[in-house]
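Please keep the sequence and the coordinates at hand while reading.

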Amino acid sequence: IQTTVFLALYLAFAAPWSAIMNMDWKEVFTEVTQGADEEYVPSDEGLEFPALPLAEQVSQDPYAWNLYDMDGKEVPMSLFRDKVVFLNLWATWCGFCRYEFPNIQRLVEAMGSNPEIAFILLSPEEPEVVRSWAASQKFKLPFYTVRREDLPEEFTPQGLPTTFIIVPGGRVAFQHSGAAAWDGDKTQQFLRGLAGHIAGSSKQR
């Protein structure tokens, strides 16, 4: 670029027309473009290549984290490893989250005491904030808290509310961001279908 600017100024103010007409333009532009390439292509010194030999990629255990119930007791997520988990991420300040709770309450009641299904309503807020809010409400729901830094990346929501339905082994069978009427027939049938598959697999063992 500097060479190009200098050349333009030279041609405009200093070079006589005879010099301009007799100049070897092919050679000039070859030197200019070669100089620009060598000057402005970044060095590879800033690239961070992985160390060799390459390490084997190991999938993170989706159950290797802990929740806290409303009594402050630590609850390992691994306790739900063999269940269908309805995991709802929410916060006390989130209006759309609160709109869902009557529907989720009815869903919990509709599922009854199905041992294959677990419900987790999880907030990343401070435990005392969630505990105080839950105590002021009429809902009888399984509220939990989690430290933000402990929440796995795959369960970190882009917005609230966000709901995950997780099958045994940790696979996310369904994910939805935004409020929904979770007590509808479609959701109930889906959960019962997943739970029935687990029960059938257990009998075959």
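Glutamine 175 lies in strand S7, residues 172-177. Helices (H or I, at least four residues) and strands (E, at least two) are DSSP runs, numbered from the N terminus. The model is predicted, so local features need pLDDT of at least 70 and side-chain atom pairs count only at pLDDT 80 or more, while totals for chains, interfaces and linings use all residues. Residues are numbered from 1 along each chain as its sequence is written, and side-chain values use heavy atoms, with hydrogens and water left out.

With a relative accessible area of 47%, glutamine 175 is partly exposed. The classes are buried (under 20% relative accessible area), exposed (over 50%) and partly exposed in between, computed with a 1.4 Å probe on protein chains only. Not counting residues up to four places away in sequence, glutamine 175 touches Thr162, Thr163 and Phe164; contact means heavy atoms within 4.5 Å. Its C-alpha atom is separated by 9.4 Å from that of leucine 87, which is 88 residues away along the chain.

**Overall layout**

The protein chain has 6 helices and 7 strands, and their order along the sequence is α-α-α-β-β-β-α-β-α-β-β-β-α. Of its 205 residues, 35% count as buried. Among contacts between residues at least 6 apart in sequence, 65% join residues at least 24 apart.

In strand S3 (residues 84-89), 6 of the 6 residues are buried. In a regular strand the side chains alternate between the two faces of the sheet. For S3, both faces are covered: Val84, Phe86 and Asn88 are buried on one side, and Val85, Leu87 and Leu89 on the other.

Two strands pair if DSSP finds at least two bridges between them. S3 and S4 pair in the parallel sense over 6 bridges, and phenylalanine 86 has phenylalanine 119 of S4 as its bridge partner. The chain passes from S3 through H4 to S4 in a right-handed β-α-β crossover. Right-handed here means that, with the strands pointing away from the viewer, the path from the first strand over the helix to the second runs clockwise. S3 also pairs with S6, in the antiparallel sense and over 5 bridges; there, leucine 89 has threonine 162 of S6 as its bridge partner.

A cis peptide bond joins leucine 160 and proline 161, with omega about -5 degrees. Proline 161 is in the loop between strand S5 (143-145) and strand S6 (162-166).

**Helix H5**

Which residues of helix H5 (residues 127-135) are buried? They are Val130, Trp133 and Ala134. These residues cover an arc of only 95 degrees around the axis, which puts them on the same side of H5; the arc is that of the directions from the helix axis to the C-beta atoms. Ser132 and Ala135, on the other side of H5, are exposed. The cover over the buried residues of H5 includes helix H4 (95-111), strand S4 (117-123) and S5.

**Aromatic pairs**

A pair of aromatic rings is described by the distance of the centres and the angle of the planes. Rings of Phe, Tyr and Trp (its six-membered ring) pair if their centres lie within 6.5 Å; planes under 30 degrees apart count as stacked, over 60 as edge-to-face and the rest as tilted.

| Pair | Centre to centre | Angle between planes | Geometry |
|---|---|---|---|
| Phenylalanine 101 and phenylalanine 139 | 5.7 Å | 70 degrees | edge-to-face |
| Phenylalanine 174 and tryptophan 182 | 6.4 Å | 80 degrees | edge-to-face |

Phenylalanine 174 is partly exposed, at 35% relative accessible area, whereas tryptophan 182 is buried, at 4%. Both phenylalanine 101 and phenylalanine 139 are buried. Ring pairs link Trp90, Phe101, Trp133, Phe139 and Phe143 into a cluster.

**Disulfide**

A disulfide is a pair of cysteine sulfur atoms within 2.5 Å, and by this rule the count comes to 1. The disulfide joins cysteine 94 to cysteine 97, at an S to S distance of 2.3 Å. The torsion about the S-S bond is about 80 degrees, so the disulfide is right-handed. Cysteine 94 counts as buried at 5% relative accessibility, and cysteine 97 is buried with a relative accessible area of 0%.
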